[in-house]
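Subject: Structure for you to look at

Hello,

Here is the structure I promised to pass on. Please open it and keep it on screen while you read.

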Amino acid sequence: MAYIAPIHRPSSVDHALLANVYSEEEQSLVLSRTNRVEVWRPSPDGLLSQAHTTNVNGTIAMLQKLRPKDAETDLLFVGTDRFEYFTLYWNPETSQMETTNATRDPGEHFMRNSQSLDRAIVDPSGRFIAMHLWEGVMTIARLGTRKTNAAQLDWMGQIRLAELFIKASTFLHNETGHPTVAFLYQTSANAQDSKLATYRLTSDDRNTVASEFNAQKHRIIDITIADAGANMLIPVRKVEEEVKRHNFRNTGSAKPHLGGVIVVGETRLLYIDDVTKATVESKLDKASIFVKWAEYNVQTYFLADDYGSLHLLTINTDGAEVKGMVLTKIGVTSRASELVYLGNEMLFVASHHGDSRLFQLDLSADKPADKPFLTLIQTISNIGPIMDFAVMDMGNRGGEDSQLGNEYSSGQARIVCGSGVYKDGSLRSVRSGVGLEDVGLLLEDLGQHVRGVFSLRGAVGEGKMDTLAVSFLTETRVFKFDSEGGVEEVGDFMGFGLDCQTLLARNLGGGMILQVTTRGVVLIDAESGVTVATWVPRDENTIINASANGEWLLLSVEGTGLVSISTAGNELRLVKEKDISQQDQVACIHVAPQLQGIGVVGFWTSGTVSIIDLNTLEPMHGESLRQSQDDASIPREVVLVQVASPKVSGPTLFIAMEDGHVVTFNISADFEFSGKKQVILGTRQARLHLLPQDNDSIYSILATTEHPSLIYGEENRIVYSAVTAEEAMFICPFDTEAFPDSIIVATDTQIKISKIDRTRRTHVRELPMGEMVRRIAYSPKEKVFGLGCIKRSLVDGDEVVQSSFRLVDEVIFQPVGKTFQLERTNYVELVEAVVRAELPDSYGNPAERFIVGTSFLPDPDYAMTGEHRGRILVFGIDDNKDPYLILSHLTKGVCRCLEVLDGNKIVAGLAKTVAIARYDETSTTTATLTRLASYKPSTHPIQIAAQGNIIGVADVMKSMTLVEYMPGDKDRLVEVARHWQSAAGTALCHVDGDDWLEADDQGNLMMLRRNADAVVMEDRKIMSVTAEMNLGEMVNRIRAVRVETSRGAMVVPRAFLGTVNGGIYMFGTVAPEAQDLLLRFQEKLARVVHTAGEIEFNCYRAFRNAEREGSEPVRFLDGELLERFLDQDEATQREICEGLGPSLEHMRNVVEELRRMH
C-alpha cells in the first residue's frame, strides 16, 4: 500500500484576476494554483500579502468572476478538469469562502477537447459566461435577473458551432444590452489561416434563450485575417462621444471609432469597429508570439509575448476615431500565464514558467529616458515546472549505521531542482526546515566584523535577560534593554573591559558575571558591580579561546596551553595548567554544560578530539577524525550536549570540521565514542551555537555556515532542519521581557533580534541560470551538479536554440568550470538525458563520469544528412572543475534516457529501441562503446530505471515493461513482465523488491508489482496494479531514496516526485500492520472533511485516463487529507475516530508522526 504527501505544494500560478471579494470598495488579487484558490490583498506598503486560501478537491482548469445584479461583491466561478463547476463567495460571518451553484457534467466525454486559449469568458456585465470545453460546442450560463435568484447560475445549454477550431474568443462591449461574442478560428486543424466571426449570444430581447449560432444567418462580422498566426482578441471599450454615431449603410466610407476588437497577430495588429466594421491595420517592427494581455485604459493595453517581453499597445486616436496602433517594448519579465492591472500603477505578472512578479509602472510622458517603465517591487516564488531534480541526503553522508538518531526527515534531504522554462530557468535548492522571523534591528552598517554576542542578566536573580555584550576585534560594546523594548548603549558596565575583544561573557550562580578577554579573566558581583576576582596568564600570554559552565572555566592560552579554573564559591581557583606545545596544538575547546568536570579538546596537528577531566586535564577517551594519512581535516569547534531525550540516548558530541563537515558521536556513560556519522553543511567550518530548552535539560544547536541548520531532537532521532539564516555569523539566546524566547543574530553588516518559527516549511534558494535546466545529475565525489541546459533567444527576429553541459558547485551553489556547448552545423543538438556514474578508467580504476544523451533537431533551412539522430557523450571532470569530452558516440535514434549497469554497461533508451553497450576507456580522453544487446518496446521509451539486472522501461503509450539483461556468449535483453493497460508514461522508478512506481501524463500514479513467484509463466509476465490514484498534476521525475526508519514506523519513504506545477511530493510504502487502520481513517476523513465545491475526495483522487475512470483511489493514502485531521475541532475529531479502535489522542499522534516526516 502507498502513501504520498506534499513537501512543497504546487507553486505555479495558472489563473489570476482582480475581483471584489470582500467589499465593493476593495479589490483583491485572486490566484489559482493547481488545487487551491488564493486571495491576496494589498498591504499599506504596496506589497501583496496572502489573506485566504481555499482548497479544492480537483485541478482547477478555469477561474472567472461574475457579478450578480445589484451585488456589492463578485462571485468566483471555478471549473475543474473533471467538469465540476461551482461558484464561491466570501461570507464575512464565518470568514470563509462559501460554495454555491455546485454542479457536474454527467455526460459521456466523447468529443475532442477544445484547444482554445480562452476556456471560459465572461461578458462585460459579469452575468453571462461561455465555456469552450469541446471542439465545435459552447456551453452557456447566466445569472438570474431577480433579487431572489441573482446569484443563481442558470445553465442555458450547449450550442453547436460551425467554428470547430477556435483559437481565441471574447465578449465585445456594446450599447444594446445584448451580449455579443467574437471567435478567432481557423477553418481546419491543419489550415494556416485565421478568420474572425461575431455573433449575438442570445436570440430574444430578454436574453434568456441562447442563439443558434448559424453561420449563414447570425454572423454579424465575418472577416479573413491576413496574419495566419493571429491568436488573440482584445475587446475595446466604447467611449462617450461628443457627436452621436449613426449606423452606416455604406460602411466603406465609415471611420473606425473606439469600441470594437483588436486582433493580435505575429506580424501585425488589426483593429475592427464592431458597429461600422471599419478596420485599421498596423504592422509590427518585429514578429513575436503574444500570449496574454491586460487593459491599462481604453487606449492602452499590456501585451506579454512568449519570450518574456512586456509590451505596451497604444491606440492612436483623433477624438474617438482610431488612426492606428503602436507597440512599444517596456520591459522583460517571466513568461506570463496571466496579466492583471491592479490599479495605482501596479501590474501583476502571473507565471507558470517562472516566478510571478509585481511591478510599479511609470508610463508618464515626462519620464526621464534612463528611468525604466517597470520597477520590480515583489516576487512570488515558483519552482515549477520542475524539469528534473537531484536528491542529496544531508543526514547521512557516511559513517556507521549503528547511531541512534538521524532517522528519516525531509529536512535532512536537500532537493535541487531544475526549474523554469527557457529564460526563466533556474536551479532551486529546496529544504524543509524552520524560519527566522526578524522582530527588531539593533545595529546596522557596523563597519567591523562581530567576533561574538553574549546575553546577560545585569540584575541579581533568575529573571529575564536585559543586557547584550557585542564583541569586536578591538572593543566590546554593551547594550541595556528595558521591559518595553527600549535599548541604550552604556559606556561602562560593572567593571567590564570594553577596550578589548571579549571571548566569553556569561552569568554564574550566586549573582556573579564572568568575562573572559584576550588579556585575562574577571569575576564580577552583579549586584554591586565590584570585581571579585581576576586571573591573567603568565608572561602576558594571550588567551585564544574560552568555554565555561556554571562551575568550570577552560582556557586555551597561545594555542599551546590548557588552563582549567574552578568558578565555584564565587572565586577563580586555578585547578590545573598543562603545556602541550611538544605534542600538539589546541584547535578548539568546550566545557560540557550538563556534565560537571568534563571538557572536550580538539587538536590541530593530529586531527583528534579528546574528552578530558578538568581536574587533571588528562584525556579520558579520544578519537581520530582523519580517514586517511593524506586527510588534513581539523576540528574547529566542538560541543557535548544532550540533544535527544535522555530516555532515548545519552549526550551527543558534535564536531565542526574545517572542511564544512559536522561529525557526530554518541557518548556513553563512561565517555566512550560510538556511532560516528557526518553531515556536510558547507565548505567552511560551521559555528555551533547552543540554544537551551526545557530548563537547560536539553539543547538545540544552530549551526551557521553556507547551509545553516537547526539541529534538535525529535522523539528518537536527531533532525537537521534548514533554517533561513544564510548570512548569520554569531547567535546567542536572548530571552527578555520585551522579546521573549528570542535570539540575537549577528551578520557582517547588522545585529538583529529574531524568533525561531519551529513550524516546518520549505525554504528555497535560487541560482538564476537564464536558460532551461532540462536535466540534472549529482556527483557526491566531485561535489558538483552536472546540468544539461537549453537556451532559447530571439536574434534579429529569428529564434535561436542552443544546448550545453555545465557544472555547478554543490556548496557555494555557483557555476564552476567551463561550459561545454553542443554545436552542430546543420541542426540543433538538444540535451535529453544526464546521468552520473562511476565508470572504469583506462587503468581499470573507478572514475567519476557524466553521461549525456542528445537529440538532433533538424533545421528547416538545411537538409538533414545521414542516418544519425543523436549522440551519447561521456565527460570527465578535471582538477579545475572543467568538463572534458572522453567519448562521442553517434546513435541512429534520439537518446531519450540513460542508465548504468554492472559498473561499465550503459543502457540507452533510443527511439523505438532500448540498447545496452559496454563502455571501455582506451586513454584519458578516448573511449569506445560496444553494443551488446537491444530490445524493441511497444513505441518509444520515455524513461528507464534499473535495479540489478532488471530494467524498467516506461513507454510513451503502452505503460511499462520489465526487461532483464542476461549476459552470456550472446548477451540478451529479455522481456520478463509487462503492464498490459495503456498509459502514456512520464516517470518511473523502482520502489522495493518487485514493486515499481509509474506516473503518466494524466497525473496518475500506479504502483505495479511483478508476481515473480507465480506458478504459471503467464502470471509471472503480468505486472498488476497494487495501488493507484490521481495526483492532479503531471509528474516529470521520480527519484528513489534509501533511508533508515525506526522499527515501528508506519510509513517508509521510498521516493520523491517533482511535478510540472512545481510540487514536490514524498512517496512511501505503508507497513502492513498500519494499512487497515489508515485506510479506514482516510475513508472517514473523506466523508467529514469538506472543501470548496463540495467535490468528493474519492472522485478527485480516482484513477482517470482516456480508457477508464475509477471510482476511488486504490490502496493509496493521501497525506494532505490525513493532515487536515489536525485542523478540525475536537468534536469533529471524535466523530472521525469513533469506531476506529484507537483513541483520539493516539490518532493525533499518528498524524503528527506522519506530518513530521516532511
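Below is what turned up, element by element. One caution: this is a predicted model.

**Sheet of four strands**

Start with an open sheet. Its four strands run in the order β26-β27-β28-β29, and the pairing is antiparallel. Which strands stand at the edges? They are β26 (338–343) and β29 (374–380). Each has a single partner strand, so one side of each is left without a neighbour in the sheet. Neighbouring strands here are turned by 25° against each other on average, direction ignored.

Now look inside that sheet. β27 covers residues 346–350, and β28 covers residues 356–361. Four bridges join β27 and β28 in the antiparallel sense. Find phenylalanine 348: leucine 358 in β28 stands opposite. As background, strands of a sheet pair through backbone hydrogen bonds, either parallel or antiparallel.

**A hairpin**

Next, go to β66 (residues 870–877) and β67 (residues 883–891). They pair in the antiparallel sense too, over eight bridges. Glycine 876 faces its opposite residue, tyrosine 884, in β67. The two strands, β66 and β67, form a hairpin, with five residues between them. Check lysine 881 in the turn: its phi is positive, at about 65°.

**Two helices**

Then move to helix α5 (residues 1130–1137) and helix α6 (residues 1144–1156). Their axes are 10 Å apart and meet at an angle of about 95°. α5 and α6 are therefore roughly perpendicular to each other. Which residues make the contact? From α5 come Glu1130, Gln1133, Arg1134 and Cys1137. From α6 come Leu1144, Met1147 and Arg1148. By class, this contact of α5 with α6 has three nonpolar, one polar and three charged residues.

Cysteine 500 is in no disulfide. The nearest cysteine sulfur belongs to cysteine 732, and it is 18 Å away. Is cysteine 500 buried or exposed? Its relative accessible area is 7%, so it is buried; the cut-off for buried is under 20%.

For cysteine 789, the closest cysteine sulfur is in cysteine 417. The two sulfurs are 14 Å apart, which is too far for a bond. A disulfide needs the sulfur atoms within 2.5 Å. Cysteine 789 counts as buried as well, at 0% relative accessibility.

Best wishes

Key
Residues numbered from 1 in each chain as written. Predicted model: local features only at pLDDT ≥ 70, side-chain atom pairs only at ≥ 80, totals over all residues. Heavy atoms only, no water. Axes fitted to C-alpha atoms, helices over the stretch in contact; angles between N-to-C directions. Parallel < 35°, antiparallel > 145°, perpendicular 65-115°, else oblique. Contact = heavy atoms within 4.5 Å. Nonpolar A, V, L, I, M, F, W, Y, C, P; charged D, E, K, R; others polar. Pairing = 2+ DSSP bridges. Buried < 20%, exposed > 50% of the residue type's maximum accessible area, 1.4 Å probe, protein only.
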